[in-house]
Amino acid sequence: MKYKRILLKLSGEALMGENQYGIDPKRLAEYAEEIRKIHEQGIEIAIVIGGGNIFRGVAGASEGMDRVQGDYMGMLATVINGMALQGALESIGLLTRLQTALKIEAVAEPYIKRRAVRHLEKGRIVIFGAGTGNPYFTTDTAAVLRGIEVNADVILKGTRVDGVYTADPEKDSSATKFDLITFSEVLKKGLNVMDTTAFTLSQENKLPIVVFDMNKQGNLLKVCKGETIGTTVY
Ligand SMILES: Nc1ncnc2c1ncn2[C@@H]1O[C@H](COP(=O)(O)OP(=O)(O)OP(=O)(O)O)[C@@H](O)[C@H]1O
Ligand SMILES: O=c1ccn([C@@H]2O[C@H](COP(=O)(O)O)[C@@H](O)[C@H]2O)c(=O)[nH]1
């Protein structure tokens with residue numbers, strides 16, 4: 001395997017599956033199965049999951065809600081997704097821990113870096129919920145932050161697009177995909193597959209990101225084997 005320890009970023013929106021809102025149990029089960037395949041290869045797995053299938057602070061703010069209030073709601077949405085993923089992983093026999101940046105002690109451990117690392121060393125899958133715990137951030141940035149903190153080898157951004165394109169492929173059908181691109185180019189060209197803060201933090205800490213299609217069976221394992229899947233940002 002190419003990586004010993006990974007930080008997997010899963011899109012909240014992707015959890016909707018074919019639905020318009022919420023969590024599709026079928027999609028959740030598929031993701032759990034993909035994660036099981038890499039776990040059995042001995043890879044240490046930390047996960048950050050988004051909340052876009054439930055709530056985003058900017059969406060609330062655009063309808064008159066206080067932005068900070070909305071952001072905390074978004075962070076709580078990521079905890080709901082984290083709990084759902086935890087349930088799906090445990091139902092197929094994987095050991096997990098959910099740690100949250102906001103204290104919700106009845107359902108999760110508080111985020112403690114040293115403890116997270118110990119869980120990883122013991123082969124437990126660690127899910128980080130509630131993003132960074134601060135408003136005005138995203139779970140992409142949280143993924144890079146936690147990736148750096150637990151010393152992951154790479155950020156694997158599993159999403160519904162199969163890489164970084166010259167423009168948003170969902171809006172521009174003539175956009176073409178990069179196999180490899182530098183952080184500087186991504187930032188200079190304003191490619192928005194992740195937010196600028198996430199890319200900058202990764203660049204400063206020399207932590208590569210692989211953007212790949214998580215909805216294609218076997219892709220996660222292929223990325224971990226080092227096959228050329230998606231786009232590597234370095
Ligand atoms: N240059 C680009 N290359 C590839 N994707 C791009 C680009 N610009 C914008 N995108 C968009 O980036 C998005 C990445 O998907 P993703 O589901 O991870 O978004 P997200 O907002 O982080 O999700 P969530 O908040 O639910 O976790 C896609 O919707 C894709 O269309
Ligand atoms: O560190 C963080 C992470 C997230 N938020 C809020 O949660 C939502 C959902 O996260 P996505 O990354 O968009 O999936 C986000 O829109 C923010 O409102 C946050 O405030 N801080």
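Helices (H or I, at least four residues) and strands (E, at least two) are DSSP runs, numbered from the N terminus. Welcome to a predicted model, in which local features need pLDDT of at least 70 and side-chain atom pairs count only at pLDDT 80 or more, while totals for chains, interfaces and linings use all residues. Residues are numbered from 1 along each chain as its sequence is written, and chains are lettered from A and ligands numbered from 1 in the order in which they are written.

**View 1. The sheet is open and has 9 strands.**
Follow the strands in the order E4-E3-E5-E2-E1-E6-E8-E9-E7, with mixed pairing; two strands pair if DSSP finds at least two bridges between them. At the edges, strand E4 (109–110) and strand E7 (180–181) each pair on one side only. Strands of a sheet pair through backbone hydrogen bonds, either parallel or antiparallel. For a parallel example, look at strand E1 (residues 5–10) and strand E6 (residues 154–159), joined by 5 bridges. Here Lys-9 of the model stands opposite Lys-157 in E6.

**View 2. The largest nonpolar core has 71 residues.**
Such a core is a set of buried Ala, Val, Leu, Ile, Met, Phe, Trp, Tyr and Cys residues joined through C-beta atoms within 7 Å. A residue is buried if 20 or more other C-beta atoms lie within 10 Å of its own, exposed if 12 or fewer, and partly exposed in between, with C-beta atoms placed from the backbone. Ile-6, Ile-45, Ala-46, Ile-47 and Ile-155 have the most contacts inside the core. Its largest share, 8 residues, comes from helix H3 (residues 67–91). Beyond neighbours within four places in sequence, Ile-6 is in contact (C-beta atoms, placed from the backbone, within 7 Å) with residues including Ile-43, Ile-45, Val-154 and Cys-224.

**View 3. Ligand 2 is surrounded by 22 residues.**
A residue counts as near a molecule if its C-beta atom, placed from the backbone, lies within 6 Å of it. The closest to ligand 2 are Gly-50, Gly-57, Asp-71, Gly-74 and Gly-131. Helix H2 (57–62), H3 and H5 each supply at least two residues of this shell, and H3 gives the largest share, 6 residues. The shell divides into 6 nonpolar, 13 polar and 3 charged residues. In this count Ala, Val, Leu, Ile, Met, Phe, Trp, Tyr, Cys and Pro are nonpolar, Asp, Glu, Lys and Arg are charged, and the others, Gly among them, are polar.

**View 4. Around ligand 1 there are 20 residues.**
Ser-11, Gly-12, Glu-13, Gly-50 and Gly-52 come nearest. This shell holds 8 nonpolar, 7 polar and 5 charged residues.

**View 5. An unreviewed UniProt entry annotates a "binding site".**
The annotated residues span 89 residues in sequence, yet no two of their C-alpha atoms are more than 14.3 Å apart, so they gather at one spot. Pro-135 lies in the loop between strand E5 (125–129) and helix H5 (139–149) and is partly exposed, with 16 other C-beta atoms within 10 Å. Tyr-136, in the loop between E5 and H5, is exposed, with 12 such atoms, and has a positive phi of about 70° although it is not a glycine. Phe-137 is found in the loop between E5 and H5 but is buried, with 20 such atoms.

Key: Two residues are in contact if their C-beta atoms, placed from the backbone, lie within 7 Å. UniProt positions are given in the numbering used here, feature names are shortened, and annotations may be inferred rather than shown by experiment.
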